[in-house]
Protein chains: 2
Amino acid sequence: MKKPITIKDIAKSLNISVATVSRALRDSNEISKETKRAVLQLAKEMDYHPNLLARGLINRKSKIIGVVVPTINRQFWANSISGIENIAYNDDYKVMIFQSAESFRKEVEIVETLANSRVDGILIAFSKETLDFEHINQVLNRGIPVVLFERVCDLLEVSKVVTDDFLGAKKMTEHLISRGKKKIAYLGGPLTLGVCRDRYLGFESALKEAEIQVSPDHIIETDEFTFENAKKAIHQLWSNPSKPDAVFCFADVLAIGALDACKELGIKVPQQLAITGFGNDDTGRFINPTLTTMAQPSFEMGQLAAKLILKEINATTELPLPKLEIIQPTLIVREST
Amino acid sequence: MKKPITIKDIAKSLNISVATVSRALRDSNEISKETKRAVLQLAKEMDYHPNLLARGLINRKSKIIGVVVPTINRQFWANSISGIENIAYNDDYKVMIFQSAESFRKEVEIVETLANSRVDGILIAFSKETLDFEHINQVLNRGIPVVLFERVCDLLEVSKVVTDDFLGAKKMTEHLISRGKKKIAYLGGPLTLGVCRDRYLGFESALKEAEIQVSPDHIIETDEFTFENAKKAIHQLWSNPSKPDAVFCFADVLAIGALDACKELGIKVPQQLAITGFGNDDTGRFINPTLTTMAQPSFEMGQLAAKLILKEINATTELPLPKLEIIQPTLIVREST
DNA sequence: TTGTATGCGTTATCAC
DNA sequence: GTGATAACGCATACAA
């Protein structure tokens, strides 16, 4: 393992001071063209590469943005990371990604590690387990800006980017209604919690405005969003004396499972039963076009979050920046005809 | 922005030397229990956090593994990253992720950045554009271990993890043959290139062994793997006087598009036309179960790659480690009946 | 324009 | 056990 070349080596070879080399390398305007060229040339010849750790130590910043997501392994989060990276890259920031795997303990560790690595800012979408936010407050106290996205906490005084679940769900329901559907079932998570509640309220709101009643046994709660659960739900709904003519699915996986169940039962989609699903921009490609899907623009969400954190990082004042809450509208990406 | 507490601050408060504090904070078998406890306690009280940059500077290592993938935004890559992170985390390594976006220029920049950040090792899957591997050789010369995965280059003397495309394609084709299919079409990328060739050869090999001829107009090359291209291809195949009874799709996206086309044309799957696709372990969940899919175990691939790089990093000798080439078998995850 | 000196936060090598 | 002190590689205030 070769010892890396340092500015000291260059300085020695050129019989000048390290300060001059440093300046030449960083394109300082207070340096002569000649020495600058000489340094640059020798640096290339000697295969010099700056040590970013040392630079970070001195500058007290690393040009790195830390990102914490529940898992990298799902389109939604992968997309949002992609969006973050997309923005960060243009500003010469690197992105350091971690997944909490929905574990609070791991999330706390990660946030600590990121802070200790002197990342310039942290973007985080909380794990499902996270109910205590002391780790975030600690990081904020350390002067590291934090921006929340998608899985946020209203109590924290930081900028956030969230999806407009209420309006999205409402629009999707209205979409069904406008297609003449009148007995719309709901398949989703516990109605009391966060996004689940928001989407349900949106669903409910659209129905109320259209003066449509929803039958209680057309509402199915499931806490695990799996293919299989969705299939069970459809079987259950279809065995019901009053069959629905549409299903509002909370998540894309559910919608896909539902579709599959329809095939098994010989139900025509969307004529007999329309299926809609809250998906994200990419999943749409993978699923059946008889499905109406609602996009959560995750890539754009990442971009927005990244822009916010960069703004905070580069805020010259010591004054706290006003905290924004961006509510991102959802889009219908694919409509069944 | 508060100034972070350093060991110097702790030393001052306790009237001891920084060396002692450093020892107490870390190893400490040569330190008295009392001072150790005192330091630890005060550190907590003062909200001390170690500066990983400084530590990295002195240790000449960062406890970070750099990862470069074409895009984070696809299941396959997201899965492999997940696998990498899974292994790295247990060894207390962090993972720094970048996407080359299939751009050679960006890939070179990223590799340079990673090396300059003094990452302890680099895992890379090359972009499609990458034909020159000088950037890798440079990094290797700098003493930073590199492991390639999935998109590799045989010329480089480093460890690699790849998918067994030939055997996977062969097995999948044999699967079709064992189901009585005799007119099998091929839908995939340019037959001359890398994985495309390997899979095609596997396809061909299975047919040869079964003494089945494949009609030239049953082979469709498409360089862009899109839903639409697949649909076009199926329409084209089906307008052919001799219709195929099965289609070997190079990628999952193609298979899904093909399925869709079958629906439009009223083709029964898999009775009239069996569709198979090279997918990965996750996509299977999203697609129609009438599909036979071949799994590329991307998560496991990431795990393997991570294990290899960790081994190289922690190799005590200065002797070069033997370079392994792990060929990962593919699996059939879902069979159509 | 260039050089000198100092410091960033931590660890390692000596001494004591 | 503990304490000075010198690194690690780089940047900058201050002189010259």
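## The surface near DNA strand C

In this predicted model, 25 residues lie around DNA strand C, and those that come nearest are A:Ala19, A:Thr20, B:Thr6, B:Asn51 and B:Ala54. Several elements give two or more residues to this surface: in chain A they are helix H2 (18–25) and helix H4 (52–59), and in chain B they are helix H1 (7–14), helix H2 (18–25) and helix H4 (52–59). By class, the surface near DNA strand C consists of 14 nonpolar, 7 polar and 4 charged residues.

## The surface near DNA strand D

Around DNA strand D there are 26 residues, of which A:Thr6, A:Ala19, B:Ser17, B:Ala19 and B:Thr20 come nearest. Here the elements that give two or more residues are H2 and H4 of chain A and H2 and H4 of chain B. Which element gives the largest share of the surface near DNA strand D? That share, 5 residues, comes from H2(A). The residues of this surface divide into 15 nonpolar, 7 polar and 4 charged.

## Helices H2 and H3 of chain B

Helix H2 of chain B, which gives residues to the surface near DNA strand D, also packs against H3(B) at an angle of about 85°, with the two axes 9 Å apart. H2(B) and H3(B) are therefore roughly perpendicular to each other. On the H2(B) side, B:Thr20, B:Val21, B:Ala24 and B:Leu25 take part; they meet B:Thr35, B:Lys36, B:Val39, B:Leu40 and B:Ala43 of H3(B). This contact has 6 nonpolar, 2 polar and 1 charged residue. One of its members, B:Thr20, is also among the residues that come nearest to DNA strand D.

Helix H3 of chain B covers residues 33–45, which makes 13 residues. From its first C-alpha to its last, H3(B) reaches 18 Å, close to the 18 Å expected at 1.5 Å a residue. After H3(B) comes B:Asp47, whose phi is positive, near 60°.

## The contact between the two chains

How many residues of chain B are in contact with chain A? There are 40 such residues in chain B, and they are in contact with 39 residues of chain A. On the chain B side, at least two residues each are supplied by H4, H5, strand E2 (94–99), helix H6 (104–116), helix H11 (252–265) and helix H12 (283–286). The side of chain B that touches chain A divides into 19 nonpolar, 13 polar and 8 charged residues.

## Helices H5 and H13 of chain B

The crossing of H5(B) and H13(B) is right-handed.

Residues of H5(B) in this contact include B:Phe76, B:Ile81, B:Ile84 and B:Ile87, while those of H13(B) include B:Phe299, B:Met301, B:Ala305 and B:Leu310. By class, the contact of H5(B) with H13(B) has 10 nonpolar, 8 polar and 2 charged residues.

## Helices H10 and H11 of chain A

In chain A, helix H10 (residues 227–238) and helix H11 (residues 252–265) have axes that come within 7 Å and cross at roughly 50°. That angle is why H10(A) is oblique to H11(A). H10(A) passes H11(A) in a right-handed crossing.

Among the residues that make the contact are A:Phe227, A:Ile234, A:His235 and A:Trp238 of H10(A), together with A:Val253, A:Leu254, A:Cys262 and A:Leu265 of H11(A). The contact of H10(A) with H11(A) comprises 11 nonpolar, 3 polar and 3 charged residues.

## Backbone details

Most residues other than glycine have a negative phi, and most peptide bonds are trans. In A:Glu150, however, phi is positive, near 60°. A:Glu150 is located in the loop between strand E4 (146–149) and strand E5 (159–163) of chain A.

Is the peptide bond from B:Val269 to B:Pro270 cis or trans? This bond is cis, with omega near 0°. B:Pro270 belongs to the loop between H11 and strand E9 (274–280) of chain B.

Note on methods: Residues numbered from 1 in each chain as written. Chains lettered and ligands numbered in written order. Predicted model: local features only at pLDDT ≥ 70, side-chain atom pairs only at ≥ 80, totals over all residues. Helix = DSSP H or I, 4+ residues; strand = E, 2+ residues; numbered from the N terminus. Expected span 1.5 Å × (residues − 1). Near = placed C-beta within 6 Å. Nonpolar A, V, L, I, M, F, W, Y, C, P; charged D, E, K, R; others polar. Left-handed = near helix turned anticlockwise from the far one by under 90°. Contact = placed C-beta atoms within 7 Å. Axes fitted to C-alpha atoms, helices over the stretch in contact; angles between N-to-C directions. Parallel < 35°, antiparallel > 145°, perpendicular 65-115°, else oblique.
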